[in-house]
Amino acid sequence: MAADSAGNDLSAAKVVVTSAYRFAPYDASKTLNAALIAPTVADVKTSLDTIFSKGGFVGLITEDGAPQDNRDADDAIKFHQPGYSINGKASLTEQFTVAEDNRITRQMTIGTPDANGVYHVTDIIQDGKWFCYKETVFKNGTHRRRLGVVNLTGNEPGEETAGKNTGDAWTIEWIQDPVCDSGASKYLESFVTPTVSSDPHTGDHQADDSESQPVAD
């Protein structure tokens, strides 16, 4: 659908269908680059399998804990001449509530078990960096791919109410790291559009019915 006479295009509205998060332990010997998630990559799961071979998907996310992007920054530097400023250093974070208790969610929160299968817990957030891939599907068929390095900075376990899902509210921060885009970006992002476009920022891979959901195990 093209924009109407008022310049509005319903097909471009950011109506989210679903999202998925995939994590793996940080590995300085690996490289996260634009080619891994380019719009021309039809099978992004396979292109990322080597990077995420020791990780996994967090799985289900609670309905009331859907992903939320946030930006926090230092005060901008302003100058004597009106209209000139330099933005302060930004922190880009995401918040979402994981609904599943699985291997990767435990690894990122309480760690790994000993030989007897026992966890020796000192905190519910593990130190260290993680590779992260996020894919969001929009109603118009667009898939947004996001790849980078994160820290898990927040974990708030939900109330253990009988008969209800106990979700853990996570906060992750995207960080600039040498293995991702040679340290130039906090994360890499691409858009796979449902139709071929001449816009260089939207890519040229056509999504089909098999791509109506984000990548999964």
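The questions below go through a predicted model of one protein.

Student: How many helices and strands does the secondary structure of the protein come to?
Tutor: Read the elements from the N terminus on: they run β-α-β-β-β-β-β-α-β-β-β-β. The secondary structure comes to two helices and ten strands.

Student: What share of the contacts between residues at least 6 apart in sequence join residues at least 24 apart?
Tutor: A contact here means heavy atoms within 4.5 Å. Among contacts between residues at least 6 apart in sequence, the share that joins residues at least 24 apart is 65%.

Student: What percentage of the residues in the protein is buried?
Tutor: Buried means under 20% relative accessible area. The protein has 217 residues, and the buried ones make up 38%.

Student: Where is Asp181 placed?
Tutor: Asp181 has a positive phi of about 55 degrees, although it is not a glycine. Most residues other than glycine have a negative phi. As for its place, Asp181 is in the loop between strand 9 (168-175) and strand 10 (187-192).

Student: Is Ser182 buried or exposed?
Tutor: Ser182 is in the loop between strand 9 and strand 10, and its phi is positive, near 55 degrees. Exposed means over 50% relative accessible area. Because its relative accessibility is 71%, Ser182 counts as exposed.

Student: Which class does Asp181 fall into, with a relative accessible area of 27%?
Tutor: Under 20% would be buried and over 50% exposed. Because its relative accessible area is 27%, Asp181 is partly exposed.

Terms used: Residues are numbered from 1 along each chain as its sequence is written. This is a predicted model: local features need pLDDT of at least 70, side-chain atom pairs count only at pLDDT 80 or more; totals for chains, interfaces and linings use all residues. Side-chain values use heavy atoms; hydrogens and water are left out. Helices (H or I, at least four residues) and strands (E, at least two) are DSSP runs, numbered from the N terminus. Buried means under 20% relative accessible area, exposed over 50%, partly exposed in between (1.4 Å probe, protein chains only).
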